Amino acid sequence: EGIKKIKVQTPTTVGALPVLWMAEEGVLGEDIEIDVKISADHNRAISLIAKNEIDMMLTGVNVGAKVFNKGINIKLLNANIWAIDYVLTNGFEADTWEDLQGKTLSLPLLGGPLDFLVRYFLDKEGIASEEINLVYKPLQNGARTFMMGKLDAILLPEPLVTKILSNNDKASLSINIQDEWAKHHNGDGRIPFVGLFVSNNFLEENQQLTDSFNDYYKIGVNWVNNNPEEAAELAAKYYGMPAQLILKSFNRVKLDCYPVLEENKLIERYFRDIMTLYPEMIGGKLPDESFYF
Amino acid sequence: MSANLLSIKNLAKSYNAYEVLADINFELKDGEIVAFIGSSGSGKTTLFNIIAGLLDRDVGELTLKEGLRLACVFQEPRLLPWKSVEDNLTFVQQNFLTEKEGAALREYLLKGVGLIDFRDSFPGELSGGMKQRLEFARALSIKPDLLLLDEPFKSIDTGLKIKLRELLLKNWQEEAYSILLITHDPREAVLLADRICFLAGQPAGIEKEFKIRIPQGERGLADKGIYSILQEIADLYLMD
Amino acid sequence: MSANLLSIKNLAKSYNAYEVLADINFELKDGEIVAFIGSSGSGKTTLFNIIAGLLDRDVGELTLKEGLRLACVFQEPRLLPWKSVEDNLTFVQQNFLTEKEGAALREYLLKGVGLIDFRDSFPGELSGGMKQRLEFARALSIKPDLLLLDEPFKSIDTGLKIKLRELLLKNWQEEAYSILLITHDPREAVLLADRICFLAGQPAGIEKEFKIRIPQGERGLADKGIYSILQEIADLYLMD
Amino acid sequence: MNHFTSSFFKIAVGTAGVLAVLLLWGGLSSRFSSLILPSPLETAQVLIELLESGILVTFILITVKRTMIGYSGAIIAGLVFAFFLRYSKFWRLFFRPLITIMQTIPPVVWLVLAVIWFGIADDLTPIFLIFIVSFPVVFINIYHGLGNIDYGLVEMARFYHCSRKQIFFDIYLPSLLPHLMSAISIGLAFAWKSTVFAEFVGSSSGIGFALSVANNNLQTDRLFAWSIVLIVLMFSFEYLIIKPLKKYVMRWEPDVG
Amino acid sequence: MNHFTSSFFKIAVGTAGVLAVLLLWGGLSSRFSSLILPSPLETAQVLIELLESGILVTFILITVKRTMIGYSGAIIAGLVFAFFLRYSKFWRLFFRPLITIMQTIPPVVWLVLAVIWFGIADDLTPIFLIFIVSFPVVFINIYHGLGNIDYGLVEMARFYHCSRKQIFFDIYLPSLLPHLMSAISIGLAFAWKSTVFAEFVGSSSGIGFALSVANNNLQTDRLFAWSIVLIVLMFSFEYLIIKPLKKYVMRWEPDVG
Ligand SMILES: Nc1ncnc2c1ncn2[C@@H]1O[C@H](COP(=O)(O)OP(=O)(O)OP(=O)(O)O)[C@@H](O)[C@H]1O
Ligand SMILES: Nc1ncnc2c1ncn2[C@@H]1O[C@H](COP(=O)(O)OP(=O)(O)OP(=O)(O)O)[C@@H](O)[C@H]1O
Ligand SMILES: [Mg+2]
Ligand SMILES: [Mg+2]
């Protein structure tokens, strides 16, 4: 009685560490409880938020835009992960996309963000996408097949990158997706991967609470960046990964929050590029301003 | 005492296109013993199954006296394999007799058919004749008003047959039930029945009826009346 | 002509703790017809199943003449429900007769047992006695050397019984097979067999053997020799 | 009732059931965004799109092919193992636990093994998974059916010197057929599902792959459209192949009620 | 062979089969990184860690509870529907296609529906999925078993005025029990699997959730450790509950060979 619950659903992403920190620390006060549900299923999160059974979710920024455009009543509170993906190669080094010509590259999802990014870069560099043998495999399967030496290259997010590198001598870190992005965007390599979304229903009823949630989230981001060891412990506790590994992977992850205007500009830039290749990825149109907080 | 237990009018039955019975007319009085004979495949079991309500007739009327308690010895044994010999009796008794009454009767009947030592065996552990005797005991175990017996003495040797026949008649006198008996042996029929119906033809009907007026106890196969009936029946069989 | 088709020495059998047969000694000569009688549950089927190789004996020796062709009428019908009447015969014939030989014999036997009109029916469409006759025809359909018959005349009326007995003996004269017959009816035994073994006791043994020297064709139930054997058997049944 | 009205009646009642579900679905869907629950109409539109694009037929053929290969393998292996284990006590004791293990290992783990064994071969992984999932179902049903065979008939056949082949074809097979048919129709649903699952996680073609793309891209209407395709396929198998086969196989059975 | 040596023999042969697989696994694993195929030893270590952390027992209890609830529901519904559909032609025609549909709809789609119906409830979604997946298996097996009942016995009982209750308990049930037992043991494997699947995708607790986390983190050793847990659970059910029950249920059957 009297205790208010904020229900947040998230996959096992670094982007949720600030929320877990908030929940553990009880930063919102004694009468507010943050209930974090961990599940990899985006669809479930979306249905739940549409039914008002959860209040917030962490998911891909593009996923949020897409469901927003399809009429689900949500808002982006902030985007928080800006760097996370890398190309690993097996037994050879590749500095550029040209080096991957004639090779097999595994991507997790046809029409997903990583697929978009690769095709975007190939397009920019004038390489036909047929020149690289693109195969689509779920991340874990792809990773294992790569470990078996049956793939030339694979595009992976952290912490899988660190995990593969520390288990496979032949694997080398070849292309930094963020650097590639920078090449085409005036040296700014920030890509808005993961966002924190809130249901408008919750927002309307809890304006102030949402504001302070968002503020604390940003404090949490700083806490994670300043206390990587403790943050890694937190991840180990909730996600079941070894803390050492997560700690190591932090070097290749950019968790940050920016002032609203700057953030929105970066997101719109990303969405515009998406619109040129895979408009369906964000629901066929740029989301209007009510998408942003 | 002479109300009709059963009356059948113009009954007919066929399996698909194969006509088995046609135009059967029959009445059974209270306390009567009637035997049905006729060659194999003539339709005796079919008629019985219709009377027992196990098979639907195609046309005709069949009236059973209200509240009639029927019991039956089936031609192929229908024993519950997962119940012991005694429990196979208990199973059918429960709707007719009290537990106490039932237990006494079971004891009496199992002794009568010589299965008392096997009361706890399962049917799978009985010989062919023993199964047949169990069927027999089960039919008597509900104190029926009308007993339908389809080859009850099959696989049973003469000595035992006499014992069972005596058991049947003793009960018949005490309980005053009626009996419809199917048998392939005319001698059994003449020794037991008041009336014998001979089923023949294709489709079969009751071709001939014999009445036997000598009291059961006093009949012998060599008696003149009995013997001539047996002769007549033998002729009928040959003609069919 | 008098070699032993079958010889059994000191055979015994029990089901779990229940001893059924003990110390059975028996020899069968070529061309002989032997009947086994004995009260229900005495162990006749058990002994047959052991001879047929369907059941293992516990102790004792059993020798069949090499290459002996056995046929059997089982006490409970064992017909293939998914094969027609005629195909049930064909099924067992295929390992013994050529197709042509087989077809002629099937025709002959189905006529003999009165099932020729039902050759295309399935066993599920036959009456009890018809199934029994089919079993009978099947046993004869492989031209056996030794015929094991367990109650072959069960559910079969007198007229038909006489026909089947004639069929059996006619074949017996032509084909010169031996027969082991189980029956609950001593009259059948005395009319058919050269020798009758009476099984009794618990565990059962061959308590008594009767030899009948009158040729089959000339026997009548009222003959003096036959009659006295029947009397003796009746006494044995009563004592058991 | 003559034959025409009776079979008309059958179809009518069956259709009524399906219609009831459709109505329920329609009613429910009006309360949700199509992202969460698409309406039957939206689903039908997607279905037509898929049909026109040609992808429907292509993927159906791929999935059916894989299912047939994997499932025939499972049926044959199920038959062989069932006989083998029923009649060899040693191998029964030896293999029984292994089959239980096979049944219990979750599909994700099989996928790990499939990666090891088949690498990137696109067809083999789904076929393997179908086999793995449906083999135990088929096996257990047949094994159980073998236990129900009237042993008296087998004894009779042995008695009359019938060869193993004759006993197999004239006694075991006809006795088994009803069990086999039900094993096959139960197993079929699982075979379908496992093809779909395998394609879902480890292939770049077929209905399961289409479902996975639809699922990841939040195209719930496509998800439903592909499910409808699966349902229609399953019905075709049941009513055009299995049902008539069953009837044929049981033709000797006198009809009861 | 006396009783002791015989049951010793049984266990020895069964264990031999399992050992053979372990050896094969051990041999194979030495050739791969533990990310791809962990060795039995590594797996055992993880198992011990899980046990010590207490998470093993917690998750087992959660998963077993869900499975039991969903599965008992499926068995009861399977029984009821099987009887109902066997004896009412109308409802048979009405429901038969619906059950086929139920069998065919892929689990991902059920998950979509589960979210709509049950929302966030952490337990209900797995329970629902178990029910949905195992109900058709149980239903079809029992329905098929009902078709095999000796109708002569039912007629006999009707003839002797036995009530429906008596007929049910003294004829249908004993005739059905062998089928029921095999239905239950076949279905159980599916019930387990569907609990695991449901937890895998839509829950934050239970063995399936643990598997999903392990899979996401590419912790193949944990994946195997949890599979072992599942296998042990399945064996316990089979050999401690179902087998003895089967034996008891079939005690009237004279032993054949
Ligand atoms: N499977 C079994 N398990 C236990 N006991 C059995 C089994 N089969 C038969 N028996 C017992 O063995 C005895 C002999 O049986 P068998 O069938 O040989 O008798 P039979 O002489 O053929 O009798 P009938 O004339 O009634 O057919 C019987 O007392 C029976 O109870
Ligand atoms: N289910 C069935 N389908 C088709 N025909 C059948 C069926 N049952 C019996 N018949 C046929 O009906 C006829 C009569 O069968 P029924 O069982 O009544 O004979 P019966 O007089 O009892 O013979 P028996 O003395 O041999 O037992 C037989 O010719 C048989 O072929
Ligand atoms: Mg009859
Ligand atoms: Mg016998």
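Which residues coordinate the magnesium ion (ligand 3)? In this predicted model, the ion is held by B:T45 through OG1 and by B:Q75 through OE1, at 1.8 to 2.1 Å. Donors here are N, O and S atoms within 2.8 Å of the metal (3.2 Å for Na, K and Ca), and water is not among the atoms, so sites may look incomplete. B:T45 belongs to helix α1 (residues 44-51) of chain B, and B:Q75 to the loop between β5 (70-73) and α2 (85-93) of that chain, so the pair ties together parts that are 30 residues apart in sequence. Helices (H or I, at least four residues) and strands (E, at least two) are DSSP runs, numbered from the N terminus. B:T45 is partly exposed, with a relative accessible area of 24%, whereas B:Q75 counts as buried at 11%. Buried means under 20% relative accessible area, exposed over 50%, and partly exposed in between (1.4 Å probe, protein chains only).

Residues are numbered from 1 along each chain as its sequence is written, while chains are lettered from A and ligands numbered from 1 in the order in which they are written. Because the model is predicted, local features need pLDDT of at least 70 and side-chain atom pairs count only at pLDDT 80 or more, while totals for chains, interfaces and linings use all residues; side-chain values use heavy atoms, with hydrogens and water left out.

Ligand 4 is coordinated by C:T45 (OG1) and C:Q75 (OE1), at 1.8 to 2.2 Å. C:T45 lies in helix α1 of chain C and C:Q75 in the loop between β5 (70-73) and α2 (85-93), so this pair ties together parts 30 residues apart in sequence. C:T45 is partly exposed at 24%, and C:Q75 is buried at 11%.

Ligand 1 lies between chains B and C. Of the 18 residues around ligand 1, B:S127, B:G129, C:K44, C:T45 and C:T46 come nearest; a residue is near a molecule if one of its heavy atoms lies within 4 Å of it. Polar contacts (pairs of N or O atoms within 3.5 Å) reach oxygen atoms of ligand 1 from a side-chain atom of B:S127 at 2.6 Å, a backbone atom of B:G129 at 2.7 Å and a side-chain atom of C:S40 at 2.7 Å. The protein covers 89% of the 640 Å² of accessible area that ligand 1 has on its own, as computed by the Shrake-Rupley method with a 1.4 Å probe. At least two shell residues each come from α4 (128-140) of chain B and from β2 (18-29) and α1 (44-51) of chain C.

Ligand 2 also lies between chains B and C. Its 18 surrounding residues include B:K44, B:T45, B:T46, C:S127 and C:G129 as the closest. Oxygen atoms of ligand 2 are 2.7 Å from a polar backbone atom of B:K44, 2.5 Å from an N or O atom in the side chain of B:T46 and 2.7 Å from a polar backbone atom of C:E125.

For chain B, UniProt (unreviewed entry) lists "domain: ABC transporter" at residues 6-226, a span that is 33% helix and 28% strand.

Definitions and conventions: Polar contact = N/O pair within 3.5 Å; in protein donor to acceptor, adjacent residues only side chain to side chain. UniProt positions renumbered as here; feature names shortened; annotations may be inferred.
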